[in-house]
Every structure is written in C-alpha cells, then in structure tokens.
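Please find below some notes on the side-chain contacts in this model. They are set out as numbered points, one topic to each.

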Amino acid sequence: MSIYLIIGANRGIGLELVRQLKERGEDVIATCRSSSPELDALSVRVESNIDISSGDSVIKLRDNLKDTKVDVLIHNAGIAELNSLSNLDPQSILHQFEVNALSPLCCVQTMLSHLSQSAKIALISSRMGSIEDNTSGGSYGYRMSKVALCMAGKSLAVDLKPNGIAVGILHPGLVSTRMTGFTSNGIKPKESVKGLIQRIDELTLENTGTFWHSNGEILPW
C-alpha cells in the first residue's frame with residue numbers, strides 16, 4: 001500500500017482517481033477547495049479548503065500532513081476558460097497561468113519535504129499543451145498555460161532525478177466532465193483514470209519527464 005496525495009479531487013477525474021486507487025487498496029489523501037457528497041462517500045482522508053493558488057493554503061496542507069510521507073503526488077487541479085483571438089481576456093489568461101502552471105510548480109516545491117524516497121509526481125496536463133499537435137488554434141489561455149505546465153514538469157524531472165523522484169506529464173484524453181461541458185465526444189472518467197493510473201505505475205527514473213497520453217501514446221511537445 002502506497003500513500004497517494006491527489007490535488008483537486010472533489011469531482012471528475014480527481015474523484016475517479018480517488019475511487020480507483022482506494023478500490024485497489026491504496027491510502028489516499030484527497031484535497032479540494034470544498035468537498036462533495038461523492039468524495040465524502042469514499043471514506044478517504046479529505047483536506048478541504050485547499051486553494052492551490054494560495055501559498056498559505058498549500059503551506060497549511062503541508063503542515064496538516066505532519067510526518068506523513070507521500071509516495072505519489074498527483075496534481076490534477078486546473079481550470080479552463082475560453083479565450084479566442086476575437087475575445088482575448090488578458091486577466092483570464094493570467095489566471096489560467098497561475099492556476100494551471102505556476103501553482104502546480106509551487107505546490108510541488110512546497111511538498112518536497114513530504115515526498116518519500118523514490119516518490120513519483122504526476123502532473124495532469126493536456127494534449128492542448130502540445131505545440132506540434134495544435135491544428136485547431138484558439139483556446140489561448142488554456143493552451144499557453146498547459147505548455148508552461150509541460151515545461152515545468154520537464155524541468156522538475158531533470159532537477160529531481162538525482163533525488164530519485166520521477167515526474168510524469170499526463171494527458172487524460174478528452175473526458176466527459178464538467179470542465180468539458182460533459183461532451184458527448186469524450187470518454188468516461190473511469191476509462192481515462194484507468195489509463196492514467198497505469199501510466200503512473202509504469203513511471204520510472206528511466207522514462208521520467210515523458211509527456212504521455214493516458215492510452216500510452218507518447219505525445220509531441
């Protein structure tokens with residue numbers, strides 16, 4: 001049994017990560033700004049009132065963990081806001097950078113003292129953070145923030161490898177959740193999370209820093 005810390009876990013992909021990991025016997029700590037009946041029903045440790053864009057909030061989480069050593073840190077929290085070329089909103093773009101890229105990096109840095117030896121870090125990014133794969137344009141804030149997250153993950157992989165910590169950068173697929181408006185074109189969270197967990201299980205110091213699709217495909221930068 002390993003200890004998993006899931007950042008952003010009250011619904012969607014995060015909630016399903018909690019569910020599947022608990023079902024296979026892992027020790028799960030779930031964080032969120034506010035819990036949900038679905039999360040509470042899973043009977044795992046929930047750290048609520050955690051806002052990843054607040055440094056004080058992340059420090060509170062670190063202090064609440066006390067002597068707990070985390071084996072796998074999964075950073076799932078993120079936002080998506082519409083920014084087309086004809087409707088640019090600089091403040092929205094900056095906010096997405098803060099939540100999707102800067103906050104995960106700062107959270108990892110804050111939590112380093114609570115990572116076990118040979119720990120793993122999984123950053124939930126997006127295929128929309130691939131420059132080569134961008135054939136449809138638009139979504140300026142979301143795309144730009146996810147590119148930044150991918151770069152942060154790659155640098156973390158290099159910097160933390162000497163410490164025995166592996167970093168995976170993961171695309172969950174197009175998933176039917178509230179963030180995607182429950183798109184009919186998406187896969188179910190159950191299918192996505194099954195692949196994400198498999199990618200995390202296979203994460204090693206040999207493949208650290210890789211940008212993976214949940215189905216196992218290596219994505220281009």
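1. Contact here means heavy atoms within 4.5 Å. By that criterion, and not counting residues up to four places away in sequence, K146 touches N100, I124, S125, S126 and G129. K146 is found in helix α5 (residues 140-160); helices (H or I, at least four residues) and strands (E, at least two) are DSSP runs, numbered from the N terminus.

2. On the basis of the numbers: this is a predicted model, in which local features need pLDDT of at least 70 and side-chain atom pairs count only at pLDDT 80 or more, while totals for chains, interfaces and linings use all residues. Residues are numbered from 1 along each chain as its sequence is written, and side-chain values use heavy atoms, with hydrogens and water left out.

3. A salt bridge is a side-chain nitrogen of Lys or Arg within 4 Å of a carboxyl oxygen of Asp or Glu.

4. The structure holds 8 salt bridges. One of them joins the side chains of D201 and R24, at 2.9 Å from N to O. This pair links distant parts of the chain, 177 residues apart: D201 lies in helix α6 (residues 189-201), and R24 in the loop between α1 (12-23) and β2 (27-31). D201 counts as partly exposed because its relative accessibility is 39%; R24, at 40%, is also partly exposed.

5. Leaving aside neighbours within four places in sequence, R24 is in contact with Y4, I197 and D201.

6. Another salt bridge is formed by the side chains of R199 and E202, at 3.2 Å from N to O. R199 has 9% relative accessibility and so counts as buried, whereas E202 is partly exposed at 40%. Salt bridges that share partners join R24, E26 and D201 into one network.

7. D63 and R62 also meet through their side chains in a salt bridge, with an N to O distance of 3.5 Å. D63 is partly exposed, with a relative accessible area of 44%. R62 counts as partly exposed at 26% relative accessibility.

8. Which residues of helix α3 (residues 55-65) are buried? They are S57, V58, L61 and L65. Seen down the axis of α3, these buried residues fall within an arc of 100 degrees, so they line one face of the helix; the arc is that of the directions from the helix axis to the C-beta atoms. Their cover includes β1 (3-7), β2, β3 (45-47), β4 (70-75) and α4 (90-111). Just after α3, K66 takes a positive phi of about 55 degrees.

9. The count of aromatic pairs comes to 1. F211 and W221 form a stacked pair, 5.4 Å centre to centre with 20 degrees between the planes. The two residues are 10 apart and link distant parts of the chain, F211 being in strand β7 (residues 211-213) and W221 in the segment after β7. F211 is buried at 1% relative accessibility, while W221 is partly exposed at 42%. The rule is that rings of Phe, Tyr and Trp (its six-membered ring) pair if their centres lie within 6.5 Å; planes under 30 degrees apart count as stacked, over 60 as edge-to-face and the rest as tilted.

10. A search of the whole structure finds 0 disulfides, a disulfide being a pair of cysteine sulfur atoms within 2.5 Å. C106 is in no disulfide, and the nearest cysteine sulfur, that of C107, is 8.9 Å away. The relative accessible area of C106 is 39%, so C106 is partly exposed. C150 is likewise in no disulfide; for C150 the nearest cysteine sulfur is that of C106, 17 Å away. C150 is buried, with a relative accessible area of 3%.

Note on methods: Buried < 20%, exposed > 50% of the residue type's maximum accessible area, 1.4 Å probe, protein only.
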